[in-house]
Amino acid sequence: MDTLINITIDGKKCTAKEGESILNTARANDLFIPAICYQTKCSPTLACRLCLVEADGKQVYSCNAKVKEGMTVNINTPNIETERRAIMEVYDVNHPLQCGVCDQSGECELQNYSLYMKVDEQHYSVKDVYRPTAHWGVMNYDPGLCIVCEKCVTVCKDMIGSNALGTVKRGADALSAEYKASMPKDSYAMWNKLNKSLIGFEEDKCIDCGECIAVCPVGALVSSDFQYKSNAWELTKIPASNPYSSDCSLMYYQVKHTSITKHSEQTIYRVTNDAHYTSLSGAARFGFDYLNRAVKDEVSFVKAVDAVKNADTILFNSYITNEEAKILQSLKEKLGLKLVNSDALKFKAFMSDYSKVTGKNLYNGKVEDIHNSNFVVSVGSFLKSDAPIVKYAMNNAITLNKGAGLYFHSLGDKHIEGFGKKGKTIETIQNKVFSEDAILYFILDQFGKNLPPHIEEYLQHLRETRVKTVTETIKETIVEVITDEDTGESKEVKKIVPKKVSTEVEYTYTKLLDSIGADESLLETITAMLLKKDTYSIIIGEDCISHPNATKIATLAGYVEKYTDFKVVVTPTQTNTLGVSEICDLDVVATGKTVGYNVVADFQLSALGDGDLDMPPLNQQEGTFVNIDKNVVPTNAAIKYDGYELNDIANEILDYKVIHTIDYTAEIFESVKFDSLENHFTNDRVEHRGYPIKMTEVQSEDVSILDECTSIDLIEDEYIVYAGNPINQFNEFTAIAKQLKDEVVALYVSESLQKSLELEEDSKVEVIANDMIMALDVKIDKSLLGDISYIPTFDKNINTKKLFKHRFAKANIRKV
Ligand code: SF4
Ligand code: SF4
Ligand code: FES
């Protein structure tokens, strides 16, 4: 619970959270303090100095100064107004007058604040330097427009965890000495710093998330695809939810007509987010462009109705809305057909086993709990690709909360190793394949409280007392006799010198470390990490849900929720895995005639336009998803869809007259109509998005799961391959997004595996796994570590899934 205190800002009595900044408190109380460089949930860079206020008589930077009980704050004083006005004049020095063509024009903070501070003349100047533009990944950097607020650097480090941006030397002339004496103090200091720097980029570290573009207050960082395409004010912003992963982050499709001719069509120009409140993954930001312009095709529609009526099974995935899931369930109930969705079925089974221990149908954590914790553990998630927003939360917690974390995954990942600030704040453990059960036992061993006797006994039989030699340096006082060379007199002098002493100490080892494949130094690392830690969260990833031992893993994860202080967040695999698993009564295997919804089948309903009847993709649909936080959140159609929808098929078969798919919304979890669902944040950073689904009580039991932990063994020439996607690839829609098309289906290998297998980029291999054989190109992933390679599964047209029964498979890799 936050402790609340009272302060007064500009005469208004405000309630503030203890430890909160003055700036955030003012915002939460709907008071405006000018500020450019502060980025929510990131450390203050103190670059702009605009946020100056007077607090209890002293000038402070409100983004950095914390509230105190009884504090009185004045946002404007004559001196502060002079400083702010001078700062804005300085920002306008050598800023090119290209607002007419700049992408940011209309939503530019430099424009806004220059007007707000009434900058109508310029008192300052310095010779400009040559500042060439650069193309960086998905974006263009124009240093001529850059005001070096360092927001991009901060968000990349503190939120995303990539550290791909930093300041570099500008090489400008020094400021004229007379400015130091004549200018307001803060504006001079700000300018002096700005005049020395520009922004530099390290391509290998960048994950193309585009969050730096989102936070840039001017037009210095822009999407290369969007550049010079439209003025901001011509675009209509349509609130929606990320259609590619279960974060379902709030985002906006920005749409406009393609030309000024009479028959011009609307199209999506870009996707943006409220970067002050929330982040967005690269897939959501850049994978928006596929649209299905289908019209009503009567002949195919009649065939589709017939196909569904005669189907034995409908195959589908979880990239659908709750309303569509409800329609499929209604069809099942009416026609007695099977509904097969292996993704949602696995999740449902996992949560069912989990809830037998906890007594609640769902896990107790949310992504915000990860942000707020100072010790985070991730188990069985290829985090950067599986759940980008969860990855950002883990990095953010470690970086901002003086936190620490453990990342258990069989694939080594340089991106994760870079989490946190200087010093050892993250430990990455490349655990043995399928050892997630041992990891969860280990968490119970280290953090469990009042464990049930059968678990405690099991953990005890794996413990042994060992002895180790600890060497420490102590201070020892010695006496030295010193003889004076001139007089020949000797005297005794006391000196303190360092001395190394070794002692033998007993410690408790657990054989679980052998099962995990972790070094015993992990025990010491955890002890060191846990100093001053009091808020814990754990991420249970997709590898756990599809694990060969998923029942055992789910049960253990339930024990972690029940008997430790960890908040548990299980990551639903696809956008609406959780919603589908709650709404649909799913079957295990398909039989007979099949109809596929965006899945290959005898008769295909396809949003991609490659099936027997077109369907709307998610960016052309209204509806809801259940996100990772267990909230029902709405999404809107960016562009109208003119073809037939699942609702039309259901109306024919069920004899309904439902006009819009969203007419089902109020029939699913709670009787709340679609148009009543909120989808925004307020100034206090509180999310108002839909509503939480109800947690239900489940009969709990003390489930016994005490078999030994196992892992996979390899023989000579065998390797492990992993079903994992490159960052930003999730399904067939991201696969064809024009800004993401460089990420392809291939065998992704680390640099070390590339050398040992003597492979080159784009060389061809055959992968043989689970009695299947597949020819693939080779791609080198420089962020990957170790000998496990990965094969993407995002493209439904390249059936790499046949190589896998679980996420890991033994394989032979043959050069072709
Ligand atoms: S690129 Fe944009 S966000 Fe980054 S320092 Fe320059 S102005 Fe600030
Ligand atoms: S795109 Fe993302 S990872 Fe790359 S520099 Fe920008 S914030 Fe950092
Ligand atoms: S917002 Fe506080 S220094 Fe820039």
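Entry 1: I began where Y441, L444 and D445 of helix α16 touch I455, Y458 and L459 of helix α17. Sorted by class, this contact has 5 nonpolar residues, no polar ones and 1 charged residue. A reminder to myself: I am looking at a predicted model.

Next I looked up how the two helices lie. Helix α16 covers residues 436-447 and helix α17 covers residues 453-461; their axes come within 10 Å and cross at roughly 100 degrees. Angles of 65 to 115 degrees count as roughly perpendicular, so α16 is roughly perpendicular to α17.

**Entry 2: the parallel sheet.** In which order do the 5 strands of the open parallel sheet stand? I traced them as β19-β17-β16-β22-β23. At the edges I found β19 (426-429) and β23 (566-570). Each has a single partner strand, so one side of each is left without a neighbour in the sheet. On average, neighbouring strands here are turned by 15 degrees against each other, if direction is ignored.

I then zoomed in on one pair. Strand β22 (residues 536-540) runs parallel to β23, and 5 bridges join them.

Helix α14 (residues 388-400) touches β16 (375-379), β17 (404-408), β19 and β22. The direction of α14 makes about 145 degrees with that of β17. Helix α19 (residues 521-529) touches β16, β17 and β19, and its direction makes about 150 degrees with that of β17.

**Entry 3: the antiparallel sheet.** Here 3 strands form an open sheet in the order β6-β7-β10, with antiparallel pairing. The edge strands are β6 (134-136) and β10 (221-223), each pairing on one side only. Neighbouring strands are turned by 30 degrees against each other on average, direction ignored. Between β6 and strand β7 (residues 139-141) I noted 3 bridges. A134 stands opposite Y141 in β7.

**Entry 4: T321.** Is T321 buried or exposed? Its relative accessibility is 0%, so T321 counts as buried. I found T321 in the loop between β14 (313-316) and α10 (322-335). Which residues does T321 touch, leaving aside its neighbours within four places in sequence? My list reads N576, L618, Q621, G623, T624 and F625.

**Entry 5: cysteines.** A disulfide is a covalent bond between the sulfur atoms of two cysteines. I looked for disulfides and the structure holds 0 of them. C37 is buried at 3%, and C149 counts as buried at 6%.

**Entry 6: positive phi.** Most residues other than glycine have a negative phi. That made me curious about two residues. R49 is not a glycine, yet its phi is positive, about 60 degrees. This arginine sits in the loop between α1 (22-28) and β3 (52-55). With a relative accessible area of 22%, R49 is partly exposed.

E150 also has a positive phi, near 65 degrees, and is a residue other than glycine. I placed E150 in the loop between β7 and α4 (151-160). At 16% relative accessibility, E150 counts as buried.

Notes
Residues numbered from 1 in each chain as written. Chains lettered and ligands numbered in written order. Predicted model: local features only at pLDDT ≥ 70, side-chain atom pairs only at ≥ 80, totals over all residues. Heavy atoms only, no water. Pairing = 2+ DSSP bridges. Helix = DSSP H or I, 4+ residues; strand = E, 2+ residues; numbered from the N terminus. Axes fitted to C-alpha atoms, helices over the stretch in contact; angles between N-to-C directions. Contact = heavy atoms within 4.5 Å. Disulfide = S-S within 2.5 Å. Buried < 20%, exposed > 50% of the residue type's maximum accessible area, 1.4 Å probe, protein only. Parallel < 35°, antiparallel > 145°, perpendicular 65-115°, else oblique. Nonpolar A, V, L, I, M, F, W, Y, C, P; charged D, E, K, R; others polar.
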